[in-house]
Amino acid sequence: MPRGRLARALDSDILYSFLRSKVTILSAIVTLVFFAGAAFAPWIAPHNPFDLATISILDARLPPLGMEYSDPRFILGTDDQGRDVFSGILYGARISLAVGFLSVFFAAIVGVMLGLIAGYVGGKVDAVIMRIAEVQLTFPAILIALLVDGVARALFGNLDRERFAFWILVFSIALSFWVQFARTVRGSTLVERNKEYVQAARLIGIPRFLIMIRHVLPNVIGPVLVIATINLGLAIITEATLSFLGVGIPPTQPSLGTLVRIGNDFLFSGEWWIAMFPGFALAVLVLAVNLLGDWLRDALNPKLR
């Protein structure tokens, strides 16, 4: 059976579409490089930017390798505290990717479940869920995140808020993104619930919840994967924007957005590399993820092939 599944996978239209697109292959390679660099940062990074014992203020603002006064220990230079920029990008990518993945994961779970319930049950339940979703759409993601951050500061104070900054950011972004999943799944469920296999399941007495999970969900999961891939890039950008504004990840555990914010203070004083390299890494990562999302959308939709 494993060999048969492997043979079907190698002979699938999705793999054929992937191998035909050089842009998609390059995007996948870039994405895998970022994921590998983030996952193995403790072993790849030449320095640990969180270990104060290895950081010297005398190494602050050193330029990248090849420029005057550069140090071969720091190939992309150092920031204002003497931390290696290359190591900071690797460790920062871990936080940015973790925030993006977890926020999209929680948003997908909430959105898919609410979309299934709204589309399958219908009636007043559908109306209530969709009205909540429409109200949610009137608030941009950044505004919701700022609201959640303000509530967290009022409840926990600044010190405790920094301890839970990661999870506050995940919760606020997930709270902003669940609507897209819910609306998409609801539309697909409205189509699937009237098909013969669902009616047959009702006739033999299968409970509603099991019908939604076992029969309807597998047939509406395709668009969810596309939305999740695209929203991953949006979540990373949202995290970077919030961190740049100072309401995201604190400087003690910097993400890519925090690194750009730190470097922005020195951008016009000559130390351009502190902000430019993390910003370039962020742009390349989001672009690669978005290109993969566009390819996945086309590959899973026969009308777009």
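Arg 61 counts as partly exposed, because its relative accessibility is 38% (buried means under 20% relative accessible area, exposed over 50%, and partly exposed in between, with a 1.4 Å probe and protein chains only). The model is predicted, so local features need pLDDT of at least 70 and side-chain atom pairs count only at pLDDT 80 or more, while totals for chains, interfaces and linings use all residues. Residues are numbered from 1 along each chain as its sequence is written, and side-chain values use heavy atoms, leaving out hydrogens and water.

Arg 61 sits in the loop between helix H4 (41-44) and H5; helices here are DSSP runs (H or I, at least four residues), numbered from the N terminus. Although not a glycine, Arg 61 has a positive phi of about 60°. The loop between H4 and H5 also holds Tyr 69, another non-glycine residue with a positive phi, of about 70°. Tyr 69 counts as exposed, because its relative accessibility is 66%.

In soluble globular proteins, nonpolar side chains tend to be buried together. A nonpolar core is a set of buried Ala, Val, Leu, Ile, Met, Phe, Trp, Tyr and Cys residues joined through side-chain atoms within 4.5 Å. The largest one in this model has 35 residues, and Val 99, Leu 116, Phe 181 and Val 216 have the most contacts inside it. At least two residues of this core come from each of H5 (85-121), H7 (141-163), H8 (165-192), H9 (196-203) and H10 (208-245). H8 gives the largest share, 11 residues.

Val 99 shows what such contacts look like (heavy atoms within 4.5 Å). Leaving aside neighbours within four places in sequence, Val 99 touches Phe 166, Leu 169, Val 170, Ile 173 and Glu 239. Another core, of 20 residues, lies apart from the largest one and includes Ala 38, Ala 240, Phe 266 and Val 289.

Next come two packed helices. Helix H3 (residues 22-39) and helix H12 (residues 273-300) pack at an angle of about 130°, with their axes 9 Å apart. Axes are lines fitted to C-alpha atoms over the stretch in contact, and angles run from 0 to 180 degrees between N-to-C directions. H3 is therefore oblique to H12, given that angles under 35 degrees count as roughly parallel, over 145 as roughly antiparallel, 65 to 115 as roughly perpendicular and the rest as oblique. On the H3 side, the contact residues include Val 23, Ser 27 and Phe 34, and on the H12 side they include Leu 285, Val 289 and Trp 295.
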